[in-house]
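Hello,

Here is the structure we talked about. Please open it and read the notes below alongside it.

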Amino acid sequence: MTMEMITAAASGTWKLGDLEVNRIGFGAMRLTQDGAAFRADAAPSDRGRAIGVLRRAVELGVNHIDTAAFYFSPLRSANELINQALAPYPDDLVITTKVGPGRGPSGEWLPHATPEQLRGQVEENLRQLGRDHLDVVNLRVLGTDSIAERFGALARLRDAGLIRHLGISNVTPEHLAEAQAIAPVVCVQNQYGIGVRPEYDEFLRTCGEQGVAFVPFYAIAGTRREAGAGGTDSDEVLAVARAHGASAVQVRLAWTLHRGPHVLAIPGTGNPDHLVANVAAGALRLSEDELAVLDRLHRGEARA
């Protein structure tokens, strides 16, 4: 089977509340610019290409798109690209967004939203996406302070019908417990990948035990974060890739999905060929021996 024939269904499914999604999704952060995200001088992406990538993603069975109103570059907004490309939206498409951070018109980062400001951020996402409610909203967190007031504000918007389900992002296990005491949490988005944040291994397992999706961001880019994939990969990852006739990026995505049935992937790209390869990674099955090697690499243990 060629990569072009592999759809997101090969990755299996998980439910975000009552919304079933394929475990390979799509992250919209990289859609709006060429090069690193969030740079004030970033070159805007080609609009037609970005729209084509979104439509191709849906053709390939992607029904979970992660976005945010603060994903924008000069002339481009991820939410508005999604709206233009995909509205009227397919019935099974789940769009997840996040609130908390904000950026000014010139791209500068603003202080995180107060509880009172969160409604405005939710309404801006609704406007840009052309929706009357948001499927999933993640509260993006900085630091370890209590999130009760801000998460409570989102829970009230959920009760008002503006939001269907709630999640949290960049959080600790204590944040999850605090949020769960206020309203159900359907997903946790944290930075995670091979060799990145192994201290979250137990948190990932805890999410699975509670039926909460764990959604890593920067699973491909790792410590390069907004800059995206690049540089050289480890011998272990490259050896597994050669054994499967796959790329190192595909191995990293496959390892992520092997961490548990509740683990989702949201790789982002503005490149249509990379999109096809990312979706195909959902069909890559790693052996127990390969997983053991990659797990040791993840934990920073020396090779035997």
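**Packing and aromatic pairs**

Start at L154. Setting aside neighbours within four places in sequence, L154 is in contact with V99, L118, V122, V137, L139, I163 and L166. Bear in mind that this is a predicted model.

Next, the nonpolar cores. The largest one has 83 residues. L154 is among those with the most contacts inside it, along with F26, I82, V122, I168 and V188. Helix 8 gives the most to this core: six residues. As background, nonpolar side chains in soluble globular proteins tend to be buried together.

Now the aromatics. How many aromatic pairs does the structure hold? Ten. One of them joins Y192 and W255. This pair is stacked, at 5.8 Å centre to centre and with 25° between the planes. Y192 lies in the loop between strand 14 (187–191) and helix 6 (201–209). W255 lies in helix 8 (residues 248–257). The pair therefore ties together parts that are 63 residues apart in sequence.

Last, look at R103. R103 lies over the face of F72, 4.1 Å from the ring centre. R103 also lies over the face of W109, at 5.5 Å from the ring centre.

Best wishes

Key: Residues are numbered from 1 along each chain as its sequence is written. This is a predicted model: local features need pLDDT of at least 70, side-chain atom pairs count only at pLDDT 80 or more; totals for chains, interfaces and linings use all residues. Side-chain values use heavy atoms; hydrogens and water are left out. Rings of Phe, Tyr and Trp (its six-membered ring) pair if their centres lie within 6.5 Å; planes under 30 degrees apart count as stacked, over 60 as edge-to-face and the rest as tilted. Helices (H or I, at least four residues) and strands (E, at least two) are DSSP runs, numbered from the N terminus. A charge sits over a ring if NZ of Lys or CZ of Arg is within 6 Å of the ring centre and within 35 degrees of the ring normal. A nonpolar core is a set of buried Ala, Val, Leu, Ile, Met, Phe, Trp, Tyr and Cys residues joined through side-chain atoms within 4.5 Å. Buried means under 20% relative accessible area, exposed over 50%, partly exposed in between (1.4 Å probe, protein chains only). Contact means heavy atoms within 4.5 Å.
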